[in-house]
Amino acid sequence: MDHEEWRPFLKLWSEEWIIGHDPERDAPLHDDVVRDGWLGFAPASADEMVAAEARLARTLPPSLRAFLLTTNGWRDAGNFIYRLAGTSELAWLADTDEGSSWIDAYSDTEFADEDDDEEPEGDILARSLCLSLEGDAAVMLLDPEDVDERGEWAGYWLASWSGRGPERFGSFYELMRHQYTSFRGLRQPEGKSGS
């Protein structure tokens with residue numbers, strides 16, 4: 001997905017989020033969100049993208065690059081993620097303030113299935129890029145070691161309260177589609193039919 005395709009999807013998401021906003025239960029919407037009908041920010045510049053990739057020592061996956069070239073960060077990425085990072089805020093989970101808590105919690109071998117051939121969840125988290133800045137005991141991640149033929153990194157949604165481990169998606173785009181679908185399922189705007 002390129003940035004030409006991200007814009008209409010994110011514009012629809014913004015409109016539905018604003019329509020579904022409940023001022024009695026939800027945090028207030030930012031003035032510019034209401035004014036512009038847009039949960040995002042200005043697009044990242046080419047220089048900002050180069051600086052982010054140099055700092056992270058990795059070329060970002062195509063769908064994340066296209067997203068950042070559409071909006072350099074995002075508000076309300078579903079009901080439980082309040083803010084996604086822009087280029088200057090992206091960080092490896094292990095380098096974030098809460099990273100060690102997440103990694104330690106999912107590295108606990110007491111709960112691991114010894115017959116399971118899958119890679120330990122703590123190992124995946126320890127090398128993952130953290131996309132979310134704020135959330136309700138939830139994070140969104142990308143795994144730079146799980147890359148498909150298009151160069152997309154596997155995405156993960158993880159909430160400590162879910163009772164499940166990290167939920168895997170094939171790309172950042174698929175992870176964002178999941179977040180959008182989840183928000184629509186919980187907060188379907190009036191008069192709109194589900195997809």
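Student: Which backbone nitrogen does the side chain of Ser-132 reach?
Tutor: That of Met-140, at 3.0 Å. A polar contact is a pair of N or O atoms within 3.5 Å; within protein, one must be able to donate a hydrogen and the other to accept it, and residues adjacent in sequence count only if both atoms are side-chain atoms. This is a predicted model, in which local features need pLDDT of at least 70 and side-chain atom pairs count only at pLDDT 80 or more, while totals for chains, interfaces and linings use all residues. Residues are numbered from 1 along each chain as its sequence is written, and side-chain values use heavy atoms, with hydrogens and water left out.

Student: Where is Ser-132 found, and is Ser-132 buried or exposed?
Tutor: Ser-132 lies in strand E5. It counts as buried because its relative accessibility is 8%; the cut-offs are under 20% relative accessible area for buried, over 50% for exposed and partly exposed in between, with a 1.4 Å probe and protein chains only.

Student: How many bridges join E2 to E5?
Tutor: Three, between E5 and strand E2, which covers residues 81-84. In that antiparallel pair, Leu-84 is opposite Ser-132.

Student: And what is the bridge partner of Trp-74 in E2?
Tutor: Leu-84 again. E1 and E2 are antiparallel and are joined by two bridges. Their hairpin has five residues between the strands, and there Asp-76 takes a positive phi near 55 degrees.

Student: New topic. What order do the strands of the five-stranded sheet have?
Tutor: E3-E4-E6-E7-E8, an open sheet with antiparallel pairing. Strand E3 (91-92) and strand E8 (167-169) are the edge strands; each has a single partner strand, so one side of each lacks a neighbour in the sheet.

Student: How many residues of E6 are buried?
Tutor: Seven of the ten in strand E6 (residues 138-147), which makes the strand mostly covered.

Student: Which residue of E6 is the bridge partner of Cys-130?
Tutor: Leu-141. Strand E4 (residues 129-130) pairs with E6 over two bridges, in the antiparallel sense.

Student: How many bridges join E6 to E7?
Tutor: Seven, and the two run antiparallel, with E7 covering residues 153-159. Ala-138 stands opposite Ala-159 of E7. The hairpin of E6 and E7 has five residues between the strands, and Gly-151 in its turn has a positive phi of about 90 degrees.

Student: Which residue has a positive phi of about 50 degrees although it is not a glycine?
Tutor: Ala-137. It is found in the loop between E5 and E6, and with a relative accessible area of 34% Ala-137 is partly exposed. Ala-57 is not a glycine either, and has a positive phi of about 60 degrees. Ala-57 sits in the loop between helix H3 (46-56) and helix H4 (62-68). With a relative accessible area of 63%, Ala-57 is exposed.

Student: Switching to H7, how many residues has that helix?
Tutor: Helix H7 has 15, residues 172-186. From first C-alpha to last H7 reaches 21 Å, close to the 21 Å expected; the expected span is 1.5 Å times one less than the number of residues.

Student: What reaches the backbone nitrogen of Tyr-173?
Tutor: A side-chain oxygen of Ser-171, which comes to within 3.3 Å at the start of H7.

Student: Which residues in H7 are buried?
Tutor: Phe-172, Leu-175, Met-176, Gln-179, Tyr-180, Phe-183 and Arg-184.

Student: Why do residues three or four places apart point the same way?
Tutor: Because an α-helix has 3.6 residues a turn.

Note on methods: Two strands pair if DSSP finds at least two bridges between them. Helices (H or I, at least four residues) and strands (E, at least two) are DSSP runs, numbered from the N terminus.
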